[in-house]
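The sequence and model are shown first.

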Amino acid sequence: MHNLTSSTGSMKISETVGESSNSRQSTDGVTGVRNTYHEGPSSGQTVLYAPFSAPDIIDQALGKNEIRFDNGKPMLPVIAVNDEKKAELESHLHDKRLSETYNPTHAINFINEVSEKIEALKLKAKTDPQLRDMPDDQLERLCGEVVREQYGSAKFDRLMETSRKVIRSATILKQMEIRSNENGLELSKLTSKLDKLYVLGHGGAGKDILSGTQDLADKKAIISSKLLSKQFQEGGLPKGFRDFRVAACYSADTREPASFSPDDLKKASEPKYKRSGFLHLGRKVMERQPFAQSLSKSLVDDGFTNPVVTGYHGAGVSHGANGHKAQRLPHANDLTTRSSLVRERFSSDKT
C-alpha cells in the first residue's frame, strides 16, 4: 500500500502503503487522495462471507470495501469456509495485488509530479509582491489550477481520477484480510444483536443458487440456499444470529423488476406458484422465489431463530458511486439507485 502523507498542503505519496485496517482518511485539497489515520473499534462488526473461493470473490470484496475506505471506516474481513478455501482466496488476492490493473506505481509518480509542480509554483509565488501575502489555502488552489491547465484540464482530470482509483484499490487490496472459519473459529464470534454478515457471490432472479462466477451454470462454484444454511450451521454460527445480507444480484427478486417503483418491486419479489398433478389441477406449489427468501426458510429449517435475510432488487454495482452502494436495472435503460432504497428483508413469517 501507499502511505499517503501531506507535505505543506500538497500531496506526496511514498512507496509504502498504510497496512492497518483500523484507519481513517482525510482528503488533501489539491489531489483529492486520502490520508490514513487511526480509528477506534466500532460497536458491532460486519464481515463478508465467501461460500466458495473463486477469484470474483476478491473483486466483490474490493467493491464492498471501496465505499468504506472513502468514508474512513475499517476494511471488512472476508471469512473463508476453512483453511483450504482461505489459502485459495489468498492466492487470488495475491494475484490481484500483482496485476497491472492495480499496480499503483504510475499513479504515485503522477501525483508526486503534480505535487512537486505545485510546490515549485508556491515557492515562486512567495517572491511575487502580489501573491506572497495570499492565504496558503488560496495559493494552493491557485497553483493547483495553473498546473491543471499546464496538463490540459480534461487530460489532468482524467489522469487524476484514474490515479485516485488505482491507489485506492491497491490500498484496499493490501489491507484486505482473509480469515479461516476452520472449526468455527470466526462465525462463532458473531453476536445476534450488533453484527452483520454479508454473503458474497453472483445470483439471478428466482434462482436458488449463488455462484462464484458470473456464469450461473458453472457447477464447479455454486451453492444452494440449503447448502449455504448448512455451512452456517456446521460452521458454528450461533443459532440466534439474525442479520444476514445477500449481496448477490437480484437476491430479492423472483423476476427482474421492470423499474424501481414500489409496485414493480413488489411484483418482482412475489413468489411464482404452479399447480401440481395431472393437467396442473392439483394444489399450488411454489416454483420460484427470491434467493433471500429461500435462505430465510432454510435457516429456520436448520434451527436458526428469527433470522432476517436482506436481499437487494436489481443487479449490484460492484464499485458504487457517489459514496453509496448501488443497484441497477440493465434492461431498463440502466436505471441506478442506492442499494439501501431497494432492499427487502425476509424473515420466517415470509417463508
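## Overall fold

Among contacts in the protein with a separation of 6 or more, 68% join residues 24 or more positions apart, where contact means heavy atoms within 4.5 Å. This is a predicted model, in which local features need pLDDT of at least 70, side-chain atom pairs count only at pLDDT 80 or more, and totals for chains, interfaces and linings use all residues. Residues are numbered from 1 along each chain as its sequence is written, and side-chain values use heavy atoms, with hydrogens and water left out.

The protein contains 8 helices and 18 strands; these are DSSP runs numbered from the N terminus, helices being H or I of at least four residues and strands E of at least two. Of its 351 residues, 46% are buried. Buried means under 20% relative accessible area, exposed over 50%, and partly exposed in between, with a 1.4 Å probe and protein chains only.

## Nonpolar cores

A nonpolar core is a set of buried Ala, Val, Leu, Ile, Met, Phe, Trp, Tyr and Cys residues joined through side-chain atoms within 4.5 Å. The largest has 46 residues, and Leu197, Leu210, Leu228, Phe232 and Leu237 touch the most other members. Helix α1 (residues 56–70) is the top contributor to this core, with 5 residues. Another core, of 15 residues, lies apart from it and includes Ile108, Ile111, Cys143 and Met160.

## Second largest pocket

A pocket is an open set of points on a 1 Å grid over the protein atoms alone, where a 1.4 Å probe fits, with protein on both sides within 12 Å along at least five of seven lines; lining residues have an atom within 4 Å of a point. The second largest pocket is lined by 25 residues, with Gln60, Cys249, Gly316, Val317 and Ser318 nearest its centre. Two or more lining residues come from each of α1, β15 (315–321) and β16 (324–329). The most come from α1, with 6 residues.

## Gly240

Gly240 sits in the loop between α6 (225–234) and β11 (243–246). Gly240 counts as partly exposed because its relative accessibility is 29%. Gly303 is 63 residues away from Gly240 along the chain, and their C-alpha atoms are separated by 9.0 Å.
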